[in-house]
Amino acid sequence: MIITENKPWEEVKQALELHHVKNVVIVACGICAAKVGTGGTEGAAKMKSQLVEHGFNVVTTAVVDEPCDERMTKQAFRKIKDEINEVDAVVSLTCGLGTQAMNTVMREKFPKKVALTALNTVFMGETERFGVYKEGCRACGDCILNETGGVCPITHCAKSMLNGPCGGSVDGKCEVGDYTRPCGWIEIYEALESIDRLDLFLKVREPRNWSESGHQRELNMRDKPAKEEGGDIHD
Amino acid sequence: MTELKTHSNLMKAIRSGEFVITGELEPERTSNIEPTVHEAIEIKKYCVAANVTDNPKSTVCLSSLAGSYLTQEKSGLEIVYQLTCRDQNRMGLGAAILGANALGLKNILALTGDHNACGDMPKSKPVFDYDSTHLVKLVREMADKRSIEGLALDDDCPDITIHVGGAANPNANPMGPEIMHIQRKAMAGVEFLQTQVVYDIDIAEPFLKEIKDKTGVPVLLGIFPMRGYGVAKGFDEMVPGVSVPKDLLAKFKAVKKSGFEKKEKNEAYRKLNIDFYVPMLKELKKKNLVAGCHIMAVHYPKIFPPLLDALGLQPR
Ligand code: SF4
Ligand code: SF4
């Protein structure tokens, strides 16, 4: 899940002022942000009362399932197109993906209008329990979980070491965060030990290949021949 | 098998089997290298080489490449150039190693480096493109194969005559991951190890035994002679994962509280250090578990002569 948190109100207000916004439509994510509470009906209601309290005019509120999908956003915007035409901007309660998809759609359908985000996108995380999330994956594009006992070193190790631990681990805790968080490499060791595969720990792992992930990545599954896609697996 | 080439005094001393002493120098946040050079000159007779730190504890200081070169040039003491993976990517590291070779440096201590978040520029971007194991491998690739991640060095490039060492942490808890981490560095080609500070022979001995059995890489045991009670207390409180033994700390405190003159106090501190470290070192030396000792007595050069004397070592 993509984890988001609210921007401080002052920052939201400054963004609205920067774009000379008075009248808005609120569009919230109905999936990840809804679960976290920053989006969905709950997040939208909170944002609405804050905006109204500070003298902004909220014309309408919409919740979109998967606003990160341009098609869904387009569809949703079609339903509230009169309202969007009426206002100065959309206030987005989504992760960075949703806000960017909204802006893409707006450039096409509502020129001169913007979607301004009221959230910070913090990480891709696992949910431990409601309200407690832990970053788990950086989408490195070359997953090595199968070698590391299912614990991600890129994320769990503060230095993303592929051959850890560093000397900064104390009693199984990481030097970053004042020794409160587990050292990822101790976690990996314990995970591999528990499946009797410490031999995997001992492997010298090559440095990561950044040639693909050091810049914006795109994936187009459509133009590829079926074979490359692995499409013949089900033959 | 490739023949073992020896390029540095440090490696020569380690391979000769003599009890090796290295020191530690810390250039600070200044472009004035003179205090470091001065300290190097003071300890020169008593150690084979000294490390020059690379933005230690993630605090911004004079570049360790420049510091290593200038100190070696001006003092005549061989330097172990500490190089971390925190501040530059593999391109920067490869370039730095070429630079070190051009500048006549003969030893690199390959470190991952403390995280930026722990230092004085927590907002800076941590690099960590490589980790220490990768860096060890890179130095060895450049020295043994004349390439940088497969890119051949130019024909006119002199051979890379640099040895690579690594750090080891005897205080690690649990110990298993650290031992395997060192085994990996050994597989990557590390030629010597310098340990973090250790105070307890009961911690040092089993650790050193495992390293010896599993890797055979020569180890210089890290010790931290303390100039006075303030330094001892500071270390005890500030360095996570290592504590100064309580009775030793109490003895340091007693000296501070004593009515002694400054000179007498210094003498007493010196004696405390020697009485504490020398038996441990002698014991480990006798058991053939250490190749020597890495004395991290930054700003305490005066401890070297009596310490060496007590160890039965001659000045160089
Ligand atoms: S290794 Fe870690 S960051 Fe990379 S894909 Fe796997 S879980 Fe994600
Ligand atoms: S203490 Fe562990 S998690 Fe933290 S940086 Fe070092 S190896 Fe990584």
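## A look around the chains and ligands

H20(A) turns up in the loop that runs between helix 1 (9–18) and strand 2 (23–29) of chain A. This is a predicted model, so read what follows with that in mind. H20(A) isn't a glycine, yet its phi is positive, near 50 degrees.

Now for the prolines. Where are the cis peptide bonds, and which residues do they join? One joins G164(A) and P165(A), and another joins N173(B) and P174(B).

| Cis peptide bond | Omega | Loop holding the proline |
|---|---|---|
| G164(A) and P165(A) | about 0 degrees | P165(A): between helix 7 (153–156) and helix 8 (184–194) of chain A |
| N173(B) and P174(B) | about 0 degrees | P174(B): between strand 7 (163–168) and helix 6 (176–188) of chain B |

On to the ligands. Ligand 1 has these residues around it: G136(A), C137(A), R138(A), A139(A), C140(A), C143(A), I144(A), L145(A), C152(A) and I154(A). Sorted by class, that shell comes out as eight nonpolar residues, one polar and one charged.

What surrounds ligand 2? There are 14 residues in its shell, and C157(A), C166(A), C174(A), C183(A) and G184(A) are the closest. The shell around ligand 2 splits into eight nonpolar, four polar and two charged residues. The space that ligand 2 takes up is also the largest cavity.

Last stop: a helix pair in chain B. Two packed helices are described by the angle between their axes and the distance between the axes. For helix 8 (residues 229–238) and helix 9 (residues 246–257) of chain B, the angle is about 145 degrees and the axes are 9 Å apart. Helix 8 of chain B passes helix 9 of chain B in a left-handed crossing. On the helix 8 side of chain B, the contact is made by Y229(B), A232(B), K233(B) and D236(B), while helix 9 of chain B brings L249(B), F252(B), K253(B) and K256(B). By class, this contact has four nonpolar and four charged residues, with no polar ones.

Technical notes: Residues are numbered from 1 along each chain as its sequence is written. Chains are lettered from A and ligands numbered from 1 in the order in which they are written. This is a predicted model: local features need pLDDT of at least 70, side-chain atom pairs count only at pLDDT 80 or more; totals for chains, interfaces and linings use all residues. Side-chain values use heavy atoms; hydrogens and water are left out. A residue is near a molecule or strand if one of its heavy atoms lies within 4 Å of it. On a 1 Å grid over the protein atoms alone, a cavity is a set of points where a 1.4 Å probe fits but cannot get out, and a pocket is an open set with protein on both sides within 12 Å along at least five of seven lines; lining residues have an atom within 4 Å of a point. A molecule sits in a cavity or pocket if more than half of its atoms lie within 2 Å of its grid points. Ala, Val, Leu, Ile, Met, Phe, Trp, Tyr, Cys and Pro count as nonpolar, Asp, Glu, Lys and Arg as charged, and the others, Gly among them, as polar. Axes are lines fitted to C-alpha atoms, for helices over the stretch in contact, and angles run from 0 to 180 degrees between N-to-C directions. Helices (H or I, at least four residues) and strands (E, at least two) are DSSP runs, numbered from the N terminus. A crossing is left-handed if the near helix is turned anticlockwise from the far one by less than a right angle, and right-handed if clockwise. Contact means heavy atoms within 4.5 Å.
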